[in-house]
Amino acid sequence: MDKVKVYTSNTCPYCTMAKEYLKDRNIEFEEKNVQTDKEARSELMNMGYTGVPVIIIDGQEIVGFDKAKLDEILDK
């Protein structure tokens, strides 16, 4: 599996849920906080997104905390 990236913000409860889910599954990820990192915010906007979380796994983009979709990708 390639590196996992999670775009987050400080006040997003779904971001917290997504990070906890990945930690519980022992999946290493890079957190990109769009609230504190202007470069991360630009990256996210260039991908066409304005909300978080956005989770990228092996080039697949998941918008929001979609546990079923995460399970599907991670259990391959």
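**View 1. Strand S3, residue by residue.** Val54 and Ile56 point one way from strand S3, while Ile55 and Ile57 point the other way, and all are buried. Here, buried means under 20% relative accessible area with a 1.4 Å probe and protein chains only, exposed means over 50%, and partly exposed lies in between. Strands (E, at least two residues) and helices (H or I, at least four) are DSSP runs, numbered from the N terminus. Do keep in mind that this is a predicted model, where local features need pLDDT of at least 70, side-chain atom pairs count only at pLDDT 80 or more, and totals for chains, interfaces and linings use all residues. Residues are numbered from 1 along each chain as its sequence is written, and side-chain values use heavy atoms, leaving out hydrogens and water.

**View 2. The strand partners of S3.** Strand S1 (residues 4-8) pairs with S3 in the antiparallel sense over three bridges; pairing requires at least two DSSP bridges between the strands. Look for Tyr7 opposite Val54 of S3. S4 also pairs with S3 in the antiparallel sense, over four bridges, and Gln60 in S4 is the bridge partner of Ile57. Two residues separate S3 and S4 in their hairpin, and Asp58 in the turn has a positive phi of about 50°.

**View 3. The buried side of helix H3.** In H3 (residues 67-74), the buried residues are Leu70, Asp71, Ile73 and Leu74. They cover an arc of only 170° around the axis, so they sit on the same side of H3; the arc is taken from the directions from the helix axis to the C-beta atoms. Their cover includes helix H1 (13-24), strand S3 (54-57) and strand S4 (60-63).

Conventions. Contact = heavy atoms within 4.5 Å.
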